[in-house]
Amino acid sequence: MKAVTVTAPGGLDRLKVVDMRDPGAPQAGEIRVRLHANSINFHDYAVARGFLPSADGRILLADGAGVVEAVGSGVAEFAVGDHVVSGFFPTWHDGPPPIADFSKTPGDGLDGYAREYVVTPATWFTRAPKGFTHAQAATLTTAGLTAWRALVVEGGIKAGDTVLVMGTGGVAIFALQFAKLMGATVIATSSSDQKLERAKALGADFTLNYKSTPEWGGAVRGLTAGLGVDHVVETGGPGTLPQSIIAVRTGGRIALIGTLTRQAGDLPLSLMMIKNARLQGVLVGSRRQQQDMVRGIEAGGLKPVVDKTFGLDAVPDAFRHEESGQHFGKICIEF
């Protein structure tokens, strides 16, 4: 079978397509999956570039979707022909997070899903939403579940809430879609007016260009009658968090998803305290939460936004497209 690996110490010029031994038949409690698609995330990019060192020859990518080809004895949840999607933390089935690193994450601490076939414990996958392409299903593992957990599981979002999403990457677009599915008002930010128009087409109620409005925290309060938003899906980190603290309402929540700005900044912690606001790190979610998300997606008819797809032999090009910042939604691999 074909797979995409990274040679230590990493770099896009050190990714290669290799031939590997077929994983064979599943044993008790396992399933064999013919993978057809992946989506890529900043975490995958960090591994590929060597920012997050991994084992030499590691198979890349945490997000994988495909079809069950065989099931081992004792597996009742899946049958041959089922469409499935991988979990980011395959050993986190339910309850609070049991792990604080990537040692059990495919594509980092474990071999990932940039390959044609895999045999794993059945609990490493969940059912994919009905009617989804494999590429659409692959977007759920990391970006989809992160947005779902931030707003639904931890945020307890309800109709009438206000949500601020930053940028137009995978998590932000999923957060926009989930928020609208729940009946919330959404404010979206971006440096591109063109992308903001696309966000409006997806249902964003208000948009702000953070380049032309650098003090966008105050602008968000202006759009909410001075109250601030109930939920902030914070993907920038230190460079944007001060404005997020200004933007959030008293008693509101900030879900810290990423640190993409990679810059230091003074945080107005006294304002955070006075507001009784909650700042919580959110790193993907559990298998149970993914199963709940799939049911929610099917009930609401949500479809992921796929920006562009690449072949298995063009994974470096997919990462370069991510690097460019031109994408809107998810970048996928199909094979």
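User: Hi! Is F125 buried or exposed?
Analyst: F125 counts as buried, because its relative accessibility is 0%. Keep in mind that this is a predicted model.

User: Which ring does F125 pair with?
Analyst: F125 pairs with Y113. The ring centres are 5.5 Å apart and the planes meet at 65°, so the pair is edge-to-face.

User: And where do those two sit in the chain?
Analyst: Y113 is in the loop between β6 (83-86) and β7 (117-121), while F125 belongs to strand β8 (residues 125-127). They are 12 residues apart, and the pair links distant parts of the chain.

User: Is Y113 buried or exposed?
Analyst: Y113 is buried, with a relative accessibility of 1%.

User: How many aromatic pairs are there in the whole structure?
Analyst: A search finds nine. One of them joins F42 and Y45, with ring centres 5.9 Å apart and planes at 45°, so that pair is tilted.

User: Why are F42 and Y45 separated by about one helical turn?
Analyst: Because they are three residues apart in helix α1 (residues 42-49). Y45 is buried, at 8% relative accessible area, whereas F42 counts as partly exposed at 36%.

User: Which residues form a cluster with them?
Analyst: Ring pairs connect F42 and Y45 with F51 and F319 in a cluster.

User: Switching topic: which rings have a charged end sitting over them?
Analyst: The charged end of R34 sits over the ring of Y117, 5.3 Å from the ring centre. Likewise, R198 has its charged end over the ring of F328, 4.1 Å from the centre.

User: What about α3, how many of its residues are buried?
Analyst: In α3, 12 of the 14 residues are buried, so this helix is largely enclosed by the rest of the structure. Among them are W148, R149, A150 and L151.

User: What does α3 span from end to end?
Analyst: Helix α3 (residues 140-153) spans only 15 Å between its end C-alpha atoms, while a straight helix of 14 residues would span 20 Å.

User: Which residues of the second one are closest to its centre?
Analyst: Of the 15 residues lining the second largest cavity, G87, F88, F89, S286 and R287 are the closest to its centre.

User: And which element gives the most to the lining of the largest cavity?
Analyst: That is β13, with three residues. The lining of the largest cavity divides into six nonpolar, three polar and two charged residues.

Key. Residues are numbered from 1 along each chain as its sequence is written. This is a predicted model: local features need pLDDT of at least 70, side-chain atom pairs count only at pLDDT 80 or more; totals for chains, interfaces and linings use all residues. Side-chain values use heavy atoms; hydrogens and water are left out. Rings of Phe, Tyr and Trp (its six-membered ring) pair if their centres lie within 6.5 Å; planes under 30 degrees apart count as stacked, over 60 as edge-to-face and the rest as tilted. Helices (H or I, at least four residues) and strands (E, at least two) are DSSP runs, numbered from the N terminus. Buried means under 20% relative accessible area, exposed over 50%, partly exposed in between (1.4 Å probe, protein chains only). A charge sits over a ring if NZ of Lys or CZ of Arg is within 6 Å of the ring centre and within 35 degrees of the ring normal. The expected span of a helix is 1.5 Å times one less than its number of residues. Ala, Val, Leu, Ile, Met, Phe, Trp, Tyr, Cys and Pro count as nonpolar, Asp, Glu, Lys and Arg as charged, and the others, Gly among them, as polar. On a 1 Å grid over the protein atoms alone, a cavity is a set of points where a 1.4 Å probe fits but cannot get out, and a pocket is an open set with protein on both sides within 12 Å along at least five of seven lines; lining residues have an atom within 4 Å of a point.
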